[in-house]
Amino acid sequence: MGIRVRAIIIGVSLMIGAGLLVVSGGMNPALPAAIQQEDKAAGNPVEDQAEIDPKAKIDLNLKPNEAGKIMVLMYHNLGKEESEWVRTPANFRKDLSVLYEKGYRPISLSDYITGHITTEPGYAPVVLTFDDGNLNNFEYLENGLISEDCAVGILVDFHEKHQDFPLEATFFLTGERPFKQAGLESQKLNFIIDKGMDIGNHTKDHPILDKASGDEIQAQIGAQAQYLQTMMNRDDYVINTLALPFGTRPKDQVLTRYLAAGTFQGVPYNNMAVLNVGWNPGYSPYDKRFDRLVIPRIRASEMKVDNVGLYNYLDYFDRNPGERFISDGAEGVITVPEGKKDFLADFSGQEVYAY
Ligand SMILES: [Zn+2]
């Protein structure tokens, strides 16, 4: 439902921007034919052409490749001393700057899994995630301001200075008292949602799920979803993404379905996305091999990353630019180099443009 709300908002803003005409690329079924004819006659020729064929707007010099891979970055803590699971605030700022300079732009996890990618043409989408919900992810100071050195503070500040770097990140929270400041739980959750960022499920007790029973899995996911939902206390946002603690899945394949959906104490939950811990960039959401219930993540750090960390993959994409997802900037069209076409799934409602 979080996804649906976002999609509706985007649809409305498109309609306003385009004067109700270029919503779906073709004739607007909501308007009587006579009015559509009239609008067409009055419109200017360039806009009309784009309306008929959204491909006309695509700049192939930017080498769009919407079959390319997308990095989902996994952060845990920010802190004074860099370690395997801790990034210093300075290094996190460096990461954002490097991503920005190299042409990466954050998108939400929900836009990734639904293939609703509105990244500017020529740029590469990237997904930012934070696990565990520690204080260093989101801290209010005694004066009521957000700490400049917590993840939320740094992200908001970076976005204010670089408006073309969207404020998108998902915080996966485990247990009660997310972000570890008593009494501020609701305020923090709602701040994140109101800013357009996201909250995800990281289970109630952060267990290793390999040997858990179906009931235990459903309790861990369902209880946490219900707790976060209660703390948010709003009906326009639903917790529907899960990051697996330690990246561990149930050994019994039959139980895997409870990661996606289940019921706890009579209340159902549904997860649109399930995220792993390692080790590689994710497939394009338009790729046949893309599985929203098995999304790999890249360790966004520099220590003990076993050559599969953020900077390893930044280098990899620098050396192999054809592997990177590059947006065409056009809605309703999936633009790919000719050789990549065979990897595409049948993505309903979108036109494939191979060049
Ligand atoms: Zn964790």
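Which is it for H7 and H8: are they roughly parallel or roughly perpendicular to each other?

Reply: First, two ground rules. This is a predicted model, where local features need pLDDT of at least 70, side-chain atom pairs count only at pLDDT 80 or more, and totals for chains, interfaces and linings use all residues. Residues are numbered from 1 along each chain as its sequence is written.

Now the pair. The axes of helix H7 (residues 185-194) and H8 come within 8 Å and cross at roughly 90°. Here helices (H or I, at least four residues) and strands (E, at least two) are DSSP runs, numbered from the N terminus. Axes are lines fitted to C-alpha atoms, for helices over the stretch in contact, and angles run from 0 to 180 degrees between N-to-C directions. H7 and H8 are therefore roughly perpendicular to each other. The cut-offs are these: under 35 degrees is roughly parallel, over 145 roughly antiparallel, 65 to 115 roughly perpendicular, and the rest oblique.

Which residues meet there? On the H7 side they are Glu 185, Ser 186, Leu 189, Asn 190 and Ile 193, and on the H8 side Leu 228, Met 231 and Met 232. By class, this contact has five nonpolar, two polar and one charged residues. Ala, Val, Leu, Ile, Met, Phe, Trp, Tyr, Cys and Pro count as nonpolar, Asp, Glu, Lys and Arg as charged, and the others, Gly among them, as polar. Two residues are in contact, or touch, if their C-beta atoms, placed from the backbone, lie within 7 Å.

Follow H8 onward. Asn 233 is found in the loop between H8 and E8. Asn 233 is exposed, because it has 9 other C-beta atoms within 10 Å. A residue is buried with 20 or more such neighbours, exposed with 12 or fewer, and partly exposed in between, with C-beta atoms placed from the backbone. Phi of Asn 233 is positive, about 55°, although this residue is not a glycine. Most residues other than glycine have a negative phi.

Leu 255 sits in the loop between strand E8 (241-243) and helix H9 (257-260). Leu 255 is buried, because 21 other C-beta atoms lie within 10 Å. Leu 255 and Gly 214 are 41 residues apart along the chain, yet their C-alpha atoms are separated by 5.8 Å. Not counting residues up to four places away in sequence, Leu 255 touches Gly 214, Ile 217 and Pro 250.

Tyr 258 is in helix H9. Tyr 258 counts as buried because it has 25 C-beta neighbours inside 10 Å. Its contacts, leaving aside neighbours within four places in sequence, are Gly 214, Ile 217 and Gln 218.

A nonpolar core is a set of buried Ala, Val, Leu, Ile, Met, Phe, Trp, Tyr and Cys residues joined through C-beta atoms within 7 Å. In the largest one, of 67 residues, the members that touch the most others are Val 72, Leu 73, Val 126, Val 127, Ala 151, Leu 275 and Ile 298. Helix H8 (residues 214-232) gives the largest share of this core, seven residues. In soluble globular proteins, nonpolar side chains tend to be buried together.

Five of the five residues of E1 are buried. Met 71, Leu 73 and Tyr 75 point one way from E1, while Val 72 and Met 74 point the other way. E1 pairs with E5 in the parallel sense over five bridges. Two strands pair if DSSP finds at least two bridges between them. Val 72 has Val 127 as its bridge partner in E5. E1 also runs parallel to strand E12 (residues 298-299), joined by two bridges. There, Leu 73 has Ile 298 as its bridge partner.

Finally, step back. The protein chain has ten helices and 14 strands. Of its 355 residues, 39% count as buried. Among contacts with a separation of 6 or more, residues 24 or more positions apart account for 67%.
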